[in-house]
Amino acid sequence: MSKILVVEDEDKIREVIIAYLNKAGYSACEASDGQSALHEIDKQPFDLIILDLMLPDINGELLCRQIRGTNPVPIIMLTAKASLNHRIQGLSAGADDYIVKPFDPHELLARVRSVLRRTNHQELLADRLEYGNGRLSLDSQAKQVYINQEPINLTPNEYKLLVAMARNAERTLSREQLIDMVMGIDFEGDARTIDQHVKNLRQKIEEDAKNPMFIQTVFGAGYRFHGGGK
Ligand code: CA
């Protein structure tokens, strides 16, 4: 049974979400501010966090980044702000998906299922693959990525994107193909969401993010992963 933490200060909204999650067979815990959310996350592991952007004690984006610093748990952000700009900000803070208030609880449940399905599926890669003369390694058992043998933290979507690209090394993949591989075919956001994930990933894995070796832009087409030497 998947365990989900709901972080929302508005009692009515939190209670409705908790009721729907429990009814759908999830084990739902609740927190009404950032501090109690961090306390819950310290106490027990979660499969997913639903996080409101506007909390009384801490900005949801900051909290998202803080959780992301140590924990790869998927995060769905809730927000009243509908603009694309805020959507991109949420994703750059490490959120895996985004839902705008007011929302239909059934839509939220569909997103929850979709995110859990993406993050639970079995990897087909060999245990450990190395690229760029050993600079980058992927351990698919541990779901851990290393740069020069040092573990680095990727969000679940960044990890999926890297694995999807590495599996298709030297092939150009369009943004739409990458969206399908990483977020699932029912993702309804803008294909440029992938650009933000690529940007974040380059910061983490490339020696020079402005002159990337692994993730190359193919103008007008998409992206291509170049594995370099073993
Ligand atoms: Ca709020």
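Trainee: How many helices and strands are there in the protein?

Mentor: This is a predicted model, in which local features need pLDDT of at least 70, side-chain atom pairs count only at pLDDT 80 or more, and totals for chains, interfaces and linings use all residues. Residues are numbered from 1 along each chain as its sequence is written, and side-chain values use heavy atoms, with hydrogens and water left out. Helices (H or I, at least four residues) and strands (E, at least two) are DSSP runs, numbered from the N terminus. Counted in this way, the protein has 8 helices and 12 strands.

Trainee: What percentage of the residues of the protein count as buried?

Mentor: Buried means under 20% relative accessible area, exposed over 50%, and partly exposed in between, with a 1.4 Å probe and protein chains only. Of the 230 residues, the buried share is 52%.

Trainee: Which residues are the protein donors of the calcium ion?

Mentor: Donors are N, O and S atoms within 2.8 Å of the metal (3.2 Å for Na, K and Ca); water is not among the atoms, so sites may look incomplete. The protein donors lie 2.1 to 2.3 Å from the calcium ion, and their spacing in sequence is D-x42-D-x1-M. They are Asp9 (OD), Asp52 (OD) and Met54 (O).

Trainee: How many residues apart in sequence are the parts that Asp9 and Met54 tie together?

Mentor: Asp9 is partly exposed at 28% relative accessible area, whereas Met54 counts as exposed at 51%. Asp9 belongs to the loop between strand 1 (3-7) and helix 1 (11-23), and Met54 to the loop between strand 3 (48-52) and helix 3 (60-68), so the pair ties together parts whose separation in sequence is 45 residues.

Trainee: At roughly what angle do the axes of helix 6 and helix 8 cross?

Mentor: Axes are lines fitted to C-alpha atoms, for helices over the stretch in contact, and angles run from 0 to 180 degrees between N-to-C directions. Asn157, Glu158, Leu161 and Leu162 in helix 6 meet residues of helix 8, among them Ile194, His197 and Val198, where contact means heavy atoms within 4.5 Å. Helix 6 and helix 8 are roughly perpendicular, a term for angles of 65 to 115 degrees. Their axes come within 10 Å and cross at roughly 85°.

Trainee: How far apart are the axes of helix 7 and helix 8?

Mentor: Helix 7 and helix 8 pack at an angle of about 75°, which makes helix 7 roughly perpendicular to helix 8. Arg175, Leu178 and Ile179 of helix 7 and Thr193, Ile194 and Asp195 of helix 8 make the contact. The distance between the two axes is 9 Å.

Trainee: Which residues does a cis peptide bond join?

Mentor: Most residues other than glycine have a negative phi, and most peptide bonds are trans. The cis bond has an omega of about -5°, and its proline is found in the loop between strand 5 (97-100) and helix 5 (105-120). The joined residues are Lys101 and Pro102.

Trainee: What is the phi of Lys143, which is not a glycine?

Mentor: Lys143 is placed in the loop between strand 7 and strand 8 and is partly exposed, at 36% relative accessibility. Its phi is positive, at about 50°.

Trainee: Is Ser137 buried or exposed?

Mentor: Ser137 is found in strand 7. Not counting residues up to four places away in sequence, Ser137 touches Arg128, Leu129, Glu130, Gln144, Val145, Tyr146 and Gln149. With a relative accessible area of 0%, Ser137 is buried.

Notes: Parallel < 35°, antiparallel > 145°, perpendicular 65-115°, else oblique.
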